Amino acid sequence: MIGDRLRQAILELMRTNTPRQVTICKVVSVDEEKLTCTVQELESGQELFQVRLNAAATALQTVLIPKINSIVLVALIGNNRQSRYVAMVSEVDKIYLNGGE
């Protein structure tokens, strides 16, 4: 009985204190200069700001610019709730290939 309660307490602690690694979001706005976007989590309604669209701000690379109001998957970087990136997009507005449009 004590083992079951301890197990349940540990599971609840993990559920409430472990950040969700990937969330489903809707794109609210895109900043193409900074290559970031603002998204809204579908489950909680919380807005997430400065979500990265690329791996490195200075590198020439391929970047997908999602359409406003499209659905994206947003993931944590290094398990840090303040550092996120768009992992997948449902609709693309623009594509930058190796730094060019």
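The structure is a predicted model. The chain contains one helix and seven strands. Of the 101 residues of the chain, 27% count as buried. The accessible surface of the chain amounts to about 7100 Å², and 54% of this surface belongs to carbon and sulfur atoms. The contacts also show how the chain folds back on itself. Among contacts with a separation of 6 or more, 50% are accounted for by residues 24 or more positions apart.

In soluble globular proteins, nonpolar side chains tend to be buried together. The largest nonpolar core of this model has 14 residues. Which of them touch the most other members? They are Val-39, Val-51, Leu-53, Val-72, Val-74 and Val-86. Several strands contribute to this core: β1 (22–31), β2, β3 (47–52), β4 (63–66) and β5 (71–77) each supply at least two of its residues.

Not counting residues up to four places away in sequence, Val-72 touches Thr-23, Ile-24, Cys-25, Val-27, Val-39, Pro-66, Val-86, Met-88 and Val-89. Two of these partners, Val-39 and Val-86, are also among the core residues that touch the most other members.

Is Thr-36 buried or exposed? Its relative accessibility is 13%, and because buried means under 20%, Thr-36 counts as buried. Leaving aside neighbours within four places in sequence, Thr-36 is in contact with Val-30, Asp-31, Gln-50, Val-51, Arg-52 and Leu-53.

Ala-87 has a relative accessible area of 40% and is therefore partly exposed. Its place is in strand β6, residues 80–89. Apart from residues up to four places away in sequence, Ala-87 touches Leu-73 and Ala-75. Ala-87 and Leu-53 are 34 residues apart in sequence, yet their C-alpha atoms are 8.2 Å apart in space.

A disulfide is a covalent bond between the sulfur atoms of two cysteines. How many disulfides does the structure hold? It holds zero. For Cys-25, the reason is distance: the closest cysteine sulfur, in Cys-37, is 8.5 Å from its own sulfur, which is too far for a bond. Cys-37 is likewise in no disulfide, since the nearest cysteine sulfur is that of Cys-25, 8.5 Å away. Both residues are hidden from the surface: Cys-25 is buried with a relative accessible area of 0%, and Cys-37 is buried with a relative accessible area of 1%.

The next topic is charge. Side chains of opposite charge can pair when their charged atoms come close. A search of the whole structure finds two salt bridges. In one of them, the side chains of Lys-94 and Glu-32 meet, with a distance of 3.3 Å from N to O. Lys-94 lies in strand β7 and Glu-32 lies in the loop between β1 and β2, so this pair ties together parts that are 62 residues apart in sequence. Lys-94 counts as partly exposed, at 26% relative accessibility, and Glu-32 is partly exposed, with a relative accessible area of 30%.

The other salt bridge joins Glu-91 and Lys-67, whose closest N and O atoms are 3.9 Å apart. This pair links distant parts of the chain, for Glu-91 is in the loop between β6 and β7 and Lys-67 is in the loop between β4 and β5, 24 residues apart. Glu-91 is partly exposed, with a relative accessible area of 39%, and Lys-67 counts as partly exposed, at 34% relative accessibility.

Leu-64, Val-92, Ile-95 and Leu-97 make a nonpolar surface patch of about 320 Å². One of these residues, Ile-95, lies in strand β7, which covers residues 92–96. Ile-95 has a relative accessibility of 40% and therefore counts as partly exposed.

Terms used:
Residues are numbered from 1 along each chain as its sequence is written. This is a predicted model: local features need pLDDT of at least 70, side-chain atom pairs count only at pLDDT 80 or more; totals for chains, interfaces and linings use all residues. Side-chain values use heavy atoms; hydrogens and water are left out. Helices (H or I, at least four residues) and strands (E, at least two) are DSSP runs, numbered from the N terminus. Buried means under 20% relative accessible area, exposed over 50%, partly exposed in between (1.4 Å probe, protein chains only). Contact means heavy atoms within 4.5 Å. Accessible areas come from the Shrake-Rupley method with a 1.4 Å probe; for residues, only the protein chains shown count as cover. Patches are made of residues with over 30% relative accessible area and no salt bridge: like charges are joined within 9 Å, nonpolar side chains (Val, Leu, Ile, Met, Phe, Trp, Tyr) within 5 Å. A salt bridge is a side-chain nitrogen of Lys or Arg within 4 Å of a carboxyl oxygen of Asp or Glu. A disulfide is a pair of cysteine sulfur atoms within 2.5 Å. A nonpolar core is a set of buried Ala, Val, Leu, Ile, Met, Phe, Trp, Tyr and Cys residues joined through side-chain atoms within 4.5 Å.
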